[in-house]
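Hi everyone, thanks for coming.

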Amino acid sequence: MKIDLSGKTALVTGSTTGIGFAIAQGLAGTGAEVIVNGRKPAAVAEAVERIGQAVPGAALRAAVADVSTAAGCDELATAVPDVDILVNNVGIFEMKDFFDIPDEDWARFFEVNVMSGVRLSRAYMKGMLARNWGRVVFISSESGLNIPVEMVHYGFTKTAQISIARGLAKLTRGTGVTVNSVLPGPTMTDGVKEFLREMAQESGRSIDETATEFVRTHRPTSIIARMATPEEVANMVVYAVSPQAAATNGVALRVDGGVVDTIA
């Protein structure tokens with residue numbers, strides 16, 4: 001199966017590092033024009049350069065905007081009025097005891113992880129429906145199904161994304177537009193590496209050993225028994241936004257390594 005997205009424009013929020021970067025690079029490899037987004041001009045420029053080196057001839061555009069705010073989403077939608085593919089990837093996480101999570105953290109997680117996708121979907125989906133083709137993907141998490149006790153505030157935002165994606169999919173009935181969510185499991189992103197580095201220093205283990213131990217301890221149902229790579233998650237997203245995935249709509253696509261212990 002050859003995925004060809006030539007002539008399509010894709011916006012990936014939070015795509016300077018991690019899963020977002022891998023998705024942007026994967027989409028660039030399909031021929032899509034990719035809009036790389038981040039809050040910092042230098043980080044966006046570096047990501048564009050790296051993708052350009054990995055995918056010679058890639059069509060890339062930089063879009064600096066803080067999509068965790070309504071103003072930032074408006075700024076981005078003004079700079080980029082139309083897209084064919086929207087990947088709502090931007091997100092934050094942290095491990096914190098429930099009783100230590102203040103109201104401000106709940107609000108911040110909701111704004112970044114949930115409202116960014118709501119606002120941008122509202123900005124771009126009407127155009128997709130009018131053109132009768134489009135793809136929207138929310139990067140949720142297996143934590144949206146298995147709420148982690150060590151970060152309840154993160155888990156609730158990921159559940160919200162799954163619900164929103166399903167609801168928006170119903171608005172596309174009978175059209176060439178699809179809306180889905182993708183649910184990664186533990187993934188070795190740059191942010192996770194930093195988190196693991198602190199644990200590794202305390203235990204005297206390597207980062208890879210610490211990652212394996214984290215999965216065994218905190219996600220014991222994982223069948224692959226390791227963290228996924230950002231590229232493995234990106235592969236699912238690239239398929240979900242492809243013409244070949246036209247019959248995949250309103251679903252939660254798991255790339256969780258088998259963490260969610262269910263047959264459905």
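Let's start with strand 1 (residues 9-12) and strand 4 (residues 85-88), which pair in the parallel sense over three bridges. Two strands count as paired if DSSP finds at least two bridges between them. Ala-10, for example, has Ile-85 in strand 4 as its bridge partner.

A quick word on where this comes from: it's a predicted model, where local features need pLDDT of at least 70 and side-chain atom pairs count only at pLDDT 80 or more, while totals for chains, interfaces and linings use all residues. Residues are numbered from 1 along each chain as its sequence is written, and side-chain values use heavy atoms, with hydrogens and water left out.

Now zoom out: there are seven strands in an open sheet, ordered 3-2-1-4-5-6-7, with parallel pairing. Which strands stand at the edges? Strand 3 (60-64) and strand 7 (252-255) do, each with a single partner strand, so one side of each has no neighbour in the sheet.

On to our loop residue. Leu-145 sits in the loop between strand 5 (134-139) and helix 5 (152-170). Leaving aside residues up to four places away in sequence, Leu-145 touches Ile-162, Leu-183, Arg-254 and Val-260, where contact means heavy atoms within 4.5 Å.

Note on methods: Helix = DSSP H or I, 4+ residues; strand = E, 2+ residues; numbered from the N terminus.
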